[in-house]
Amino acid sequence: MKLFSGTISTIEHALDYSTLKQKVISQNIANADTPNYKAKDASFKEVLQQTVNGSLEANKSDARHYDFKARPSSAKAVVTKRNVSYNHNGNSVDLDKEMSDLATNQIYYNAMIERMSGKFSSLQNVIRGGK
């Protein structure tokens, strides 16, 4: 039996993605002047695929049914942008884009935290009996 609904687990995965994106953006900003450094990005599609592959469950209602198992994902969630170069030294970090992504990610993270807080407030209200 699960204590919490699937929503909390989904929000947890969203926060994991946001944390990964924050780390990648921070690395890009820190290496903005490093020669030949190629900017990285956290791939939402890959993170979503890993989450879905790891969390799907199914019950067989008949012995003739095929087994339902998630395939392990070999894809990595962090991808390197290889074929771009913005600076004369081979560096592909666009500082304006990174700062914009940082602000967007912060808003996303705050929204997920607010949603998680709302879920816990609802649970607390239920525990108190609606008082």
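How much space lies in the largest cavity? About 30 Å³.

First, the ground rules. This is a predicted model, where local features need pLDDT of at least 70, side-chain atom pairs count only at pLDDT 80 or more, and totals for chains, interfaces and linings use all residues. Residues are numbered from 1 along each chain as its sequence is written, and side-chain values use heavy atoms, with hydrogens and water left out.

Now the fold. The protein chain has three helices and two strands. Those are DSSP runs, numbered from the N terminus: helices are H or I with at least four residues, strands are E with at least two. The order from the N terminus is α-β-α-β-α. Of the 131 residues in the chain, 21% are buried. Buried means under 20% relative accessible area, exposed means over 50%, and partly exposed is in between, using a 1.4 Å probe on protein chains only. Next, contacts, meaning heavy atoms within 4.5 Å. Among those between residues at least 6 apart in sequence, 75% join residues at least 24 apart.

Helix α1 has 25 residues and reaches 36 Å from first C-alpha to last, close to the expected 36 Å. Helix α3, residues 95-127, has 33 residues and reaches 48 Å, close to the 48 Å expected. The expected span is 1.5 Å times one less than the number of residues.

Which residues of α3 are buried? They are E98, D101, N105, M112 and M116. What covers them includes α1, residues 6-30. On α1 the buried set includes L15, Y17, S18 and K21.

Next, the aromatics. The whole structure holds one aromatic pair. Rings of Phe, Tyr and Trp (its six-membered ring) pair if their centres lie within 6.5 Å; planes under 30 degrees apart are stacked, over 60 edge-to-face, the rest tilted. Y17 and Y108 have ring centres 6.3 Å apart and planes at 85°, so the pair is edge-to-face. Y17 sits in α1 and Y108 in α3, so the pair ties together parts 91 residues apart in sequence. Y17 is buried at 11% relative accessibility. Y108 is partly exposed at 29%.

Move along to Y109, also in helix α3. Y109 is partly exposed, at 31%. Leaving aside neighbours within four places in sequence, Y109 contacts L15, S18 and T19. From Y109 to S18 is 6.0 Å, C-alpha to C-alpha.

Back to the cavity. A search of the whole structure finds one of 30 Å³ or more. A cavity here is a set of points on a 1 Å grid over the protein atoms alone where a 1.4 Å probe fits but cannot get out; lining residues have an atom within 4 Å of a point. The lining is K21, V24, I25, K40, D41, A42, K81, K97, E98 and D101. Elements giving two or more residues to the lining are α1, β1 (40-42) and α3. By class, the lining has three nonpolar residues, no polar and seven charged.

Last, backbone. Most residues other than glycine have a negative phi. N36 has a positive phi of about 65° although it is not a glycine. N36 lies in the loop between α1 and β1, and is exposed at 55%. Just after α3, G129 takes a positive phi of about 85°.

Definitions and conventions: On a 1 Å grid over the protein atoms alone, a cavity is a set of points where a 1.4 Å probe fits but cannot get out, and a pocket is an open set with protein on both sides within 12 Å along at least five of seven lines; lining residues have an atom within 4 Å of a point. Grid points are joined across faces, edges and corners, and a volume is the space filled by probe spheres set on the points. Ala, Val, Leu, Ile, Met, Phe, Trp, Tyr, Cys and Pro count as nonpolar, Asp, Glu, Lys and Arg as charged, and the others, Gly among them, as polar.
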